[in-house]
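Subject: Structure handover

Hi,

Here is the structure for you to look over. My notes follow below it.

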Amino acid sequence: MPELPEVEVVRRGLLNHLPGRTLTNLSTDGKKMRLPVPVKALKSLTGSRIIDIRRRAKYLLIEMDNGAVMVVHLGMTGILGLFPEGADIDPHDHIRWILDNGYELRFNDVRRFGSIRVVEPDQAQALEQTIFKANGPEPFSETFDGSYLYKKARKKQQPVKNFIMDGRVVAGVGNIYANESLFSAGISPVRKAGAISEKRYILLVEKIREVFTTAIECGGSTISDFLDASGTKGYFQIHFNVYGRRDLPCPICRTPIRHVKLGGRASFFCPACQR
DNA sequence: ATGGCCTCCTGTATGC
DNA sequence: TGCATACAGGAGGCCA
């Protein structure tokens, strides 16, 4: 489900409620997720207080007052949501943190492609060298610019869409926003990454940032099940120009939107506007 | 080294 | 209605 904008929307929602809260109890359902759920380490955090929530790529970093960090990935269908303590439990609520204010934080994930890790205090300063060692720059950082992308793309034969969805190249660009930003930049997703000019990569960087910014303002995109921390749907999907619009007219030139598979992922583009 | 394919899992939509 | 198949916001492992 979530790409960078959705994860950022969840982060901002949680920021309104979690910092200052103490974890008073923990409950897990024993289901295996993408990584084994570190129940013991999670339990050891009860009694600790949440001080901040950050984001790196599509990961949420929940920072505790003892220096530990919970690193959460929502996978395809993960939801971090706040509920009144004792609210009805969904079969896919895998982890519940009871808070000191009558609420609980729940990690719900139908497909269980999500994950959670606990980084102990002595390792918390080294995340960039450990968990995020292979991750590319944040799309809003200064190191991510047209010249960076252009240099990184030299000799690359793969389609540019696969290239920008590679987390080692840039963090946070998933299938929806790869499609949408390539449309906005007028670049065909099937073009080889190594065959695109620096000038066009400069434009693409602008468009990725623009699309992300608007999507965050819209509360993310809800295709079927994305909800923010308070259970609210996003509405960026009404602004989709190409994603999921196979055979529908291009919003610019009315040419039917083409649909192809790239790297096993649904890809949509206007054959007239995108070259 | 590069790039493409498969897998993890469940729910839903589509087709025969 | 029933069943089989395809597909879905991710990402890491494997293989040629």
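**Domains**

Chain A is assigned two domains, domain 1 (4-129) and domain 2 (146-269); the bounds come from an automatic or database domain assignment. Their centres, taken over C-alpha atoms, are 28 Å apart. Domain 1 gives 18 residues to the contact and domain 2 gives 17 residues, where contact means heavy atoms within 4.5 Å.

**Ground rules**

This is a predicted model: local features need pLDDT of at least 70, side-chain atom pairs count only at pLDDT 80 or more, and totals for chains, interfaces and linings use all residues. Residues are numbered from 1 along each chain as its sequence is written, chains are lettered from A and ligands numbered from 1 in the order in which they are written, and side-chain values use heavy atoms, without hydrogens and water.

**The sheet**

Four strands form an open sheet in the order S1-S6-S7-S5. Strands here are DSSP runs of E with at least two residues, helices are runs of H or I with at least four residues, and both are numbered from the N terminus. The pairing is antiparallel; two strands pair if DSSP finds at least two bridges between them. Strand S1 (23-28) and strand S5 (78-84) are the edges, each pairing on one side only. On average, neighbouring strands are turned by 20° against each other, direction ignored.

Look at S6 (residues 93-99) and S7 (residues 103-109). They pair in the antiparallel sense over five bridges. Ile98 has Glu104 in S7 as its bridge partner.

**Two helices**

Helix H1 (residues 4-15) meets helix H6 (residues 198-217): their axes come within 9 Å and cross at roughly 40°. Axes are lines fitted to C-alpha atoms, for helices over the stretch in contact, with angles from 0 to 180 degrees between N-to-C directions. H1 is therefore oblique to H6 (under 35 degrees is roughly parallel, over 145 roughly antiparallel, 65 to 115 roughly perpendicular, the rest oblique). The crossing is right-handed, meaning that the near helix is turned clockwise from the far one by less than a right angle.

From H1, the residues in contact are Leu4, Pro5, Glu8, Val9 and Arg12; from H6, Phe212, Ala215 and Ile216. Six of the contact residues are nonpolar, none polar and two charged. Ala, Val, Leu, Ile, Met, Phe, Trp, Tyr, Cys and Pro count as nonpolar, Asp, Glu, Lys and Arg as charged, and the others, Gly among them, as polar.

**Tyr148**

Tyr148 sits in helix H3 (residues 146-153). Neighbours within four places in sequence aside, Tyr148 contacts Pro137, Thr143, Arg168 and Val169. Tyr148 and Gly47 are 101 residues apart in sequence and 44 Å apart in space, C-alpha to C-alpha.

Best wishes
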